[in-house]
Amino acid sequence: MMEQYRKTIAGAIAETGVIDPAEAELLLEFPPDASMGDFAFPCFTLARRLKQPPHSIAETLAAKLDGVHLFSKVTSVGPYVNFTISRPLLAQEVLSSVLGEEVEYGHSDTGNGKVVVIDFSSPNIAKPFSVGHLRSTVIGGALGRIYKSQGYEVVGINHLGDWGTQFGKLIAAFKRWGSREQLRAQPVSHLLEIYVKFHREAEKEPALEEEGRLWFKRLEEGNEDARLLWEQFRDLSLEEFRRIYSLLSVEFEHFHGESFYNDKLNEAIKVLENKGLIKESQGALVVDLGEEMPPCMLKKQDGATLYATREIAAAIYRYGQYQFEKMLYVVGADQSLHFKQVFAVLELMGFEWAEKCEHVPFGLIRFEDGKMSTRQGKVVLLEEVLNKAIDLSLDIIKQKNPGLEQKEKVARQIGIGAVIFADLANDRIKDVEFEWEKVLDFSGDTAPYIQYAHARICSILRKEQPWEKTVPGEIYSSPEEERLLVSLSRFPAAVSRSLELNKPSVLARYLLDLARDFNHFYHNCPVLQAEAGLRNARLLLAMAVRVVLARGLRLLGIAAPEEM
RNA sequence: ACGCCUGUAGCUCAGGGGACAGAGCAACGGACUUCUAAUCCGUGGGUCGGGGGUUCGAAUCCCUCCAGGCGUACCA
């Protein structure tokens, strides 16, 4: 919708003859202060080309464009031309697109049904689901919903870490110290316990490492003893993971872990051999990747495969299945080199689709005293974080809204929402330090802030129904109302930019701004107390905000309770 | 040693080459007989890590240095 305004401005400016509409549109920006207008055009580029001072160009343009019916005001301020969209028009368009029923506001069909594969979450079997895995899970989940909203077909794949040397170690550890009863009672924590013990003991007794590698070798060769243990570890872990995914309302199209590709590895290696890309180095099989990168290892000296081998086979399999337009790997930034190598190998193999693969990296979650480490048992369990957040929400509800029904359900929505949002709101590339106080702070820039604004709107709407649905364009006059209309109009852009950058944080920030705008409105513009016409207009505006907040939160995987 | 990422208010962070750099937390002072105070209003707080450069214009782009993080073939 805002496109129309941009195009009009760009077209008019292009009439100067020294700039084409597309370039003019690119130069368009937002004024620093809303009171200055909704769009701004800086005249520096034109000044250079026309060899005239920018302020006089701005004056000329403003004079020429003032009067175009779309705008209520076109003014020049120094070197800028500022455009203010006609308020009645803006109100009409924004409210009817948000509240209209033909197209969901913020959705589009630009994806045109093309497939986007998203590889995300991917926790390791037999290890606890820590807050570290939360990032991949919520970022991947949010991106999936955002892509779907833009008309893509999304295939979410949970590339479970269910294969590799670590399982040899785990089997070795279980053989030595494992207990069947404890495994049944507390599967993941028992496995973690012996895994930690293994690494502690291995420092004193290096032969243990060798034993672990041997067990993985046996596992890959189909040793039944190893296989049975592994299956048990896997099944018990999945049970725990599914519980967490349901709390987070994250869904996957496939749970194809690394082991899924076992029978596809040899074929991939054969293709590489046929192309003469594999060479032997110190008893291992590697693909040479030139000067910039270390070689990519496919088989160890003992013939066992590696992470990268399975990754390559997986990519080939997935392209065969989906002919994806794009494949995103939502995996920590510490694996950047790994993906560079994998993509480079795919390219060497001659797959033109290698360029459709993209690593979507994110920073680590760390403690004050350093990185999390499963091996050292230094982890915070996600379930513990979620439960604490839920408990705290419940306490706050009991204190602030004792009459609320379904307290537990709402507490879950708020607590979990807060945890998800805390992880989504900042640029994913940054490392985050895990601090309990921050995770459990529900004021300020948090999900509860947005949810609260939403609940307040619902509360108003509950008290006044029905009202006139006609959009009363003329009636909005306060800066708070104007601000809200403009903010609402920017929702589709926030969603598409989130997609473009693969950054849910863009949408998260937008929602904070919108909620803030609403709170300003709430405190300055009485709705139910206003005279009839204005009351209807404000109800309609509030309803539109409610729709956008709920829809935006939904895209992030966060619930929008009607009361809290 | 090399490569990638990060450095903005006391703390956590926003800032699509543009107009006086913005929020939240914390601190202090205000606003609940009025649509839910998980809110709002106000105050203080900045050599945008340092130094060069490109540009009419740089927190933003380039170079360099400093600090921190991560990575650098038989883990994932």
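A residue counts as near a strand if its C-beta atom, placed from the backbone, lies within 6 Å of it, and helices are DSSP runs of at least four residues, numbered from the N terminus. The model on screen is predicted.

**Whole chain**

Select chain A. Its secondary structure comes to 22 helices and 13 strands. Along the principal axes, the C-alpha trace spans about 80 × 65 × 40 Å. Of the 564 residues in chain A, 41% are buried. Among contacts between residues at least 6 apart in sequence, 74% join residues at least 24 apart.

**Around the RNA**

Next, show RNA strand B and the 77 residues around it. Those that come nearest are Ala 40, Gly 164, Lys 300, Asp 427 and Gly 444. Colour this surface by class to see 35 nonpolar, 25 polar and 17 charged residues. Then select residues 447-463, which form helix 18; with 8 residues, helix 18 gives the most to the surface near RNA strand B.

**The nonpolar cores**

Move to the largest nonpolar core, which has 127 residues. Val 81, Leu 511, Ala 544, Val 545, Val 548, Leu 549 and Leu 556 have the most contacts inside it. Helix 22 (residues 532-556) supplies the largest share of this core, 14 residues. Centre on Ala 544: beyond its neighbours within four places in sequence, Ala 544 is in contact with Val 94, Leu 95, Val 98, Leu 99 and Leu 488. A second core, of 24 residues, is separate; Phe 174, Trp 215, Phe 216 and Ala 304 are among its members.

**Helix 15**

Now select residues 382-400, helix 15. The 19 residues of helix 15 should span 27 Å at 1.5 Å a residue, and the end C-alpha atoms are 27 Å apart, which agrees. Show the side chains of its buried residues: Leu 382, Val 385, Leu 386, Ala 389, Ile 390 and Ser 393. These residues lie on the same side of helix 15 because they cover an arc of only 130 degrees around the axis.

Turn to the face of helix 15 away from its buried side, where the exposed residues Asp 395, Lys 398 and Gln 399 are found. Stop at Lys 398. It has 12 other C-beta atoms within 10 Å and a residue with 12 or fewer is exposed, so Lys 398 is exposed. Finally, draw a distance from the C-alpha atom of Lys 398 to that of Ala 411: the two residues are 13 apart along the chain, and these atoms are separated by 9.9 Å.

Methods
Residues numbered from 1 in each chain as written. Chains lettered and ligands numbered in written order. Predicted model: local features only at pLDDT ≥ 70, side-chain atom pairs only at ≥ 80, totals over all residues. Helix = DSSP H or I, 4+ residues; strand = E, 2+ residues; numbered from the N terminus. Nonpolar A, V, L, I, M, F, W, Y, C, P; charged D, E, K, R; others polar. Buried ≥ 20, exposed ≤ 12 C-beta atoms within 10 Å, placed from the backbone. Contact = placed C-beta atoms within 7 Å. Core = buried A, V, L, I, M, F, W, Y, C linked by C-beta atoms within 7 Å. Expected span 1.5 Å × (residues − 1). Arc of directions from axis to C-beta.
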